[in-house]
Amino acid sequence: MIEEIEKIPNSNIMRDDLNFKYYVSGTWKKSSSGKMVSILNPYNNEVVGKVQACSIEEANEVITVANENRECWEEITQRERAEVLMKAASIMKEWALSLGFIMMREIGKPLKSAVSEITRTAEYFEATAEAGLQQEGEAIFGDSFKGFSRDKMSMTYRVPLGVILCIGPFNYPFNLTGSKIAPALMAGNTVVVKPPTQGAITPLFFGLILEKAGVPPGVFNIITGRGAEIGDYLVQHPLVSMVSFTGSSETGKHIASVAGMKPLLFELGGKDAAIVLDDANLELTADAIVSGAFSYSGQRCTAVKRVIPMPGIADKLIALVKEKTLKLSIGDPEKNSTIGPLINSKQCEYVQGLINDAVGKGATLLCGNKREGNIMWPTLLDNVTTDMRIAWEEPFGPVLPFIRVKSAEEAIQISNESEYGLQGMIFTENVDLAFNIAQELEVGTIQINGKSERGPDHFPFLGTKSSGLGTQGIKYSIDAMSRPKVIVLNLSERGKLVKQCKYD
Ligand code: NAP
Ligand code: G3P
């Protein structure tokens, strides 16, 4: 691990061996609390490193510093901000293998997926720079509204909100902090990041990356420590202009309850349902379901989390899904096993509880229901009914229920009954029918003949109900992290001055 970190230039300034500091005002610091949090590798429980358990005072410090440095960044031109983001992207690409290796150790993500998360973030920064340069305002004359004339004209442009607090989840610790940092900076804001504790080390490298890319001291700051200890203070801080959060619906609802009067941009939990109709291409459908349900061991908000098949194809589809599931590689993330460890033992116990509940209530266990350490075998449950917890709860693990129905109406009803509304899927060759069903589904995005997923990252990405607040995706995030500023010109009576302007 240390060898990989030492490949990153100047990484020694951010750490003492594997004890990492937090970053404020362009300086790497140890917390005055004297406490640190150990990050354990979920695959083998080895200590990957330690991060500062920062104090409330240090939480105040990072926000105050970010606020004090707003002006210097607001005055930077759009072009210069775009160039900084592009430079940051090229640095990420240079360090992708090392950062991916660190991430793999931290969160048990397959090495290849971890590295691609770094490069995806670099591409996100590049696309944000390009989108930011296209941002324009508008001018409107009053006469398009009854009773007003062209003597009144509004001119609108966009301005930053101020200090953006970016809070990310463990499963994409680099990308889901970077996808907040980039639009925040491009919109002219300053930034405070609170990374997930499990997965805190990789996002800390944003301090090195952004400084090297040219972000002035104090514009970008990152503080570590348990959300349960410093989270409320950060969120409630009066100098925080907006909270951009990705994480569980439970935490999101808590943040919303304490944040007060400030914009909130949330990506939360999901229970994405795949509705499979009788005319679906079953090979394509089964591939999408297995990939969507089990990549990164199901630890994705957009994972396929329930399958609702029509009677005519249910048996065949389930047999295909089982055949493909049994072929999934299981084991060491460094060997790119699809099924690796869940993030911790507590999560494994939660998933096991869902399986036990379903089987206890009559679900048919098709495969899986086996655990070694934090690795849980991919588990398929057939004949799941709506009295079972797995029909409604988000496992964030490799367990997939099949809820058999007898009509499209029943499928829509069960899909919409969920508290979640992130994405949904419809598999059919009848696009007309797919559109009709899509219009009935209460979700942010419907995938037709494809697995639920966030990418590509310039698409709008949003959750309804308990799955989110607001819309993300590159240009949408830039807009969400800025606001219109309107200047209204009240001209003299049209032409009056012109007539007076004459010279004998
Ligand atoms: P989590 O437990 O909610 O934690 C998310 C982040 O919130 C972490 O940085 C956490 O810090 C912080 N936090 C915890 N309590 C806080 C508080 N009171 N105030 C402020 N911040 C606080 O979620 P997770 O376990 O990391 O991620 C898994 C969940 O996130 C799943 O439900 C998944 O569906 C959801 N998710 C959604 C999306 C999406 O795009 N919709 C993407 C990824 C994940 P600590 O780590 O220190 O606790
Ligand atoms: O759970 C993280 C969420 O953002 C999923 O991203 O691209 O794997 O669908 P993606």
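Student: How many cavities of 30 Å³ or more does a search of the whole structure find?

Tutor: This is a predicted model, where local features need pLDDT of at least 70, side-chain atom pairs count only at pLDDT 80 or more, and totals for linings use all residues. Residues are numbered from 1 along each chain as its sequence is written, and side-chain values use heavy atoms, with hydrogens and water left out. A cavity here is a set of points on a 1 Å grid over the protein atoms alone where a 1.4 Å probe fits but cannot get out. The search turns up two.

Student: What volume does the largest cavity have?

Tutor: Its lining (residues with an atom within 4 Å of a point) includes Tyr124, Glu267 and Arg454. A volume is the space filled by probe spheres set on the grid points, which are joined across faces, edges and corners. For the largest cavity that comes to about 70 Å³.

Student: And which residues lie nearest the centre of the second largest cavity?

Tutor: That cavity has a volume of about 50 Å³. There are 14 residues in its lining, and those nearest the centre are Lys271, Arg306, Ser415, Tyr420 and Val443.

Student: Which residue has a polar side-chain atom 2.4 Å from an oxygen atom of ligand 2?

Tutor: Let's go through the polar contacts (pairs of N or O atoms within 3.5 Å). Asn171 has a polar side-chain atom 2.9 Å from an oxygen of ligand 2, and for the side chain of Thr302 the distance is 2.6 Å. The 2.4 Å value belongs to Tyr172.

Notes
Chains lettered and ligands numbered in written order. 1 Å grid on protein atoms, 1.4 Å probe; cavity = no way out; pocket = protein on both sides within 12 Å on 5 of 7 lines; lining within 4 Å. Polar contact = N/O pair within 3.5 Å; in protein donor to acceptor, adjacent residues only side chain to side chain.
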